[in-house]
Amino acid sequence: MAYIVAEPCIKCKYTDCVDVCPVDCFREGENTLVINPDECIDCGACVPECPTEAIFSEDDLPEKWADYVDYNAKMAEIWPEITEKKDAMDGADEFKEVEDKKQYRNENPA
Ligand code: SF4
Ligand code: F3S
């Protein structure tokens, strides 16, 4: 099992999660992060740090975001590591309130 970054991260990328991860397993895409499932040690430290509540253990992942398990695993293989917090994306505070953001999901690296 691993933790998963789901849809609320898209177009926000607050990156508070990155600072607390003890094993640097976050990877960065153009408008979201993912977690490398091969490196995550399931500590749960990142969950309460995320302002959009985007991070779930696989067991707690809402069904509507089930496909983010594969998305995290696939993108983690090709996106670069992010190991330090950076500024959130422009417009993050507005997109934090947007429900359906799947249309913005892509496979572009940071
Ligand atoms: Fe990192 Fe722990 Fe979050 Fe996994 S659960 S991504 S190891 S902080
Ligand atoms: Fe995304 Fe939340 Fe981290 S918005 S970058 S999962 S703090």
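Q: Is A6 buried or exposed?
A: In this predicted model, A6 sits in the loop between strand 1 and helix 1. Its relative accessible area is 1%. Buried means under 20%, so A6 counts as buried.

Q: Which residues is A6 in contact with, leaving aside its neighbours within four places in sequence?
A: A6 belongs to the loop between strand 1 and helix 1. Contact requires heavy atoms within 4.5 Å. With neighbours within four places in sequence set aside, the partners of A6 are A54, F56, L61, W65 and Y68.

Q: How many residues does the largest nonpolar core have?
A: In this core, V5, C17, F26, I35 and I55 have the most contacts. Strand 1 (3–5), helix 1 (16–20) and strand 3 (33–35) each supply at least two of its residues. Apart from it lies another core, of 12 residues, with I4, V34, W65 and M75 among them. The count for the largest nonpolar core is 17 residues.

Q: Which residues is C17 in contact with, once neighbours within four places in sequence are left aside?
A: C17 is one of the residues with the most contacts inside the largest nonpolar core. C17 is also part of the shell around ligand 2. Beyond four places in sequence, C17 is in contact with F26, L33, C46, E49 and I55.

Q: How many charged residues does the shell around ligand 1 have?
A: Residues around ligand 1 include Y3, C21, C25, C40, C43, G44 and C46. By class, this shell has 11 nonpolar residues and one polar residue. The number of charged residues in the shell around ligand 1 is therefore what remains under the class rule, namely no charged residues.

Q: How many charged residues are in the shell around ligand 2?
A: Ligand 2 is surrounded by residues including C9, K13, D16, C17 and C50. Asp, Glu, Lys and Arg count as charged. The shell divides into seven nonpolar and two polar residues, with the charged ones numbering two.

Q: What phi does K13 have?
A: K13 lies in the loop between strand 1 and helix 1 and is buried, with a relative accessible area of 6%. Most residues other than glycine have a negative phi. K13 is not a glycine, yet its phi is positive, at about 45°.

Q: Is E53 buried or exposed?
A: E53 is in the loop between strand 3 and strand 4 (55–57), and has a positive phi of about 55° although it is not a glycine. Its relative accessibility is 60%. The cut-off for exposed is over 50%, so E53 is exposed.

How values were computed:
Residues are numbered from 1 along each chain as its sequence is written. Chains are lettered from A and ligands numbered from 1 in the order in which they are written. This is a predicted model: local features need pLDDT of at least 70, side-chain atom pairs count only at pLDDT 80 or more; totals for chains, interfaces and linings use all residues. Side-chain values use heavy atoms; hydrogens and water are left out. A residue is near a molecule or strand if one of its heavy atoms lies within 4 Å of it. A nonpolar core is a set of buried Ala, Val, Leu, Ile, Met, Phe, Trp, Tyr and Cys residues joined through side-chain atoms within 4.5 Å. Buried means under 20% relative accessible area, exposed over 50%, partly exposed in between (1.4 Å probe, protein chains only). Helices (H or I, at least four residues) and strands (E, at least two) are DSSP runs, numbered from the N terminus.
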